[in-house]
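Morning, everyone. Please have a look at the structure on the screen, and I'll walk you through some of its side-chain contacts.

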Amino acid sequence: MTSSDGGYDTQVKLPSPRGQLSEAVIDALNGERGRPIPFAAADPFGEDLTIALHVLYELHYGGFDGVDPDWEWDPDLLRLRAQVEHAFLGVLRAEVEGGGDLDTALEALLVEHVPGTGVSHHLRDDGTWEEMREYFAHRSVYHHKEADPHAWVIPRLRGKAKAALVAVEFDEFGGGKADRMHSRLYADLLEGAGMSSEYLSYLDDVPAPAIAIVNMMSLFGLHRSLRGALVGHFAAAEITTAPSAHRMAQALARLEADPRCIEFFTEHIEADAVHEQIMRRDVIDSLLEQEPELKPDVVFGIQATELLEERLANHLLSSWRAGETSLHRRLQ
């Protein structure tokens, strides 16, 4: 639920399991610590592993109603999480090109294909209000957290790279004003769309592709060894947001949406255009001056972000073209 200071009461109920692995995790959290937790092999991009990993990571955010907070650092649960992460990280590395050509990776993010065929293009030109609300539900899994996963990298950076990244984070958190935090603006968007603004209220409805993006951010943020990948991901997100946000604002104007829906995206048009320059020049360049060996990790973070965003886009567009909902159930 929304709290009086503009933030969230982040305690939520455990989601429904989606297979043997997630059932084992959820059953463990509903029980007592100290019992063995079996690992069940699962598709690294599938529903079961994705929701299991998301539940494991959520213990480091707001936790769950009725779940002992000490589960966050339970050795048996961390051992299981390491196995799940190994599977997820392994498929991410296998599915991208890799390498150390950072300039090419960054330049590819700046290319706007004409005519565009992405989700924001579809929603701007032909999208329905039902599709727009489904898109809001998918993105809520991330935007309820917004910049939280990126904050984990701050103590792992030094000097100019740290200061510059903190400057970007400061904007993401509303410049010190709770009602301007981007997570709060997204809650306002959901309310403007006639949807629930409660924290992770659509988690059971959202399939794996959108959740996997948030898992990737948590994975990169929680591991110091992946700090370069987190910076690459953050840069990719900031570079690609402004043009997409512009199209989303146009789509919402066409659909005569509530101004709160439009405001979320207009806020990102200007802000992320500035953030793009900071991330490229001040964060990445400074990081690689200090630790040039991290260049392949930065490239990996960019490529992994593009991979998972493409998987989500393909899911959304294929569902809508088939006249089907992109969620596990249609929104009311």
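Some ground rules. This is a predicted model, so local features need pLDDT of at least 70 and side-chain atom pairs count only at pLDDT 80 or more, while totals for chains, interfaces and linings use all residues. Residues are numbered from 1 along each chain as its sequence is written, and side-chain values use heavy atoms, with hydrogens and water left out.

Salt bridges come up now. Side chains of opposite charge can pair when their charged atoms come close. Here the term means a side-chain nitrogen of Lys or Arg within 4 Å of a carboxyl oxygen of Asp or Glu. How many salt bridges does a search of the whole structure find? The count is 17.

Take aspartate 282 and lysine 160. They form a salt bridge, with the closest N and O atoms 3.6 Å apart. Aspartate 282 is in helix α12 (residues 259-290) and lysine 160 is in helix α8 (residues 159-172), so the pair ties together parts 122 residues apart in sequence. A word on helices: they are DSSP runs of H or I, at least four residues, numbered from the N terminus. Buried means under 20% relative accessible area, exposed means over 50%, and partly exposed lies in between, using a 1.4 Å probe and protein chains only.

Next, aspartate 188 and arginine 184. Their side chains meet in a salt bridge at 2.7 Å, N to O. Both residues lie in helix α9 (residues 182-192), four residues apart, about one turn of the helix. Arginine 184 is buried, at 6% relative accessible area.

Arginine 280 and glutamate 276 both lie in α12, four residues apart, about one turn of the helix. Their salt bridge is 3.8 Å, N to O. Arginine 280 is partly exposed at 25%, whereas glutamate 276 is buried at 13%. Elsewhere, salt bridges that share partners join Arg180, Glu263 and Glu267 into one network.

Now the rings. Rings of Phe, Tyr and Trp (its six-membered ring) pair if their centres lie within 6.5 Å; planes under 30 degrees apart are stacked, over 60 edge-to-face, and the rest tilted. The whole structure has five aromatic pairs. One of them is tyrosine 186 with phenylalanine 264, edge-to-face, 4.9 Å centre to centre and 75° between the planes. That pair links distant parts of the chain: tyrosine 186 in α9 and phenylalanine 264 in α12, 78 residues apart. Tyrosine 186 is buried at 1%, and phenylalanine 264 is buried at 2%.

Phenylalanine 264 also pairs edge-to-face with phenylalanine 265, at 5.2 Å and 90°. Phenylalanine 265 is buried, at 8%.

What about charges over rings? The rule is NZ of Lys or CZ of Arg within 6 Å of the ring centre and within 35 degrees of the ring normal. The charged end of arginine 93 sits over the ring of phenylalanine 300, 4.4 Å from its centre. Lysine 145 lies over the face of tyrosine 61, 4.6 Å from the ring centre.

Last, the helix pair. Helix α6 (residues 129-143) packs with α9 at about 155°, with axes 11 Å apart. Axes are lines fitted to C-alpha atoms over the stretch in contact, and angles run from 0 to 180 degrees between N-to-C directions. The angle makes α6 roughly antiparallel to α9, a label for angles over 145 degrees.

Technical notes:
Helices (H or I, at least four residues) and strands (E, at least two) are DSSP runs, numbered from the N terminus. Angles under 35 degrees count as roughly parallel, over 145 as roughly antiparallel, 65 to 115 as roughly perpendicular and the rest as oblique.
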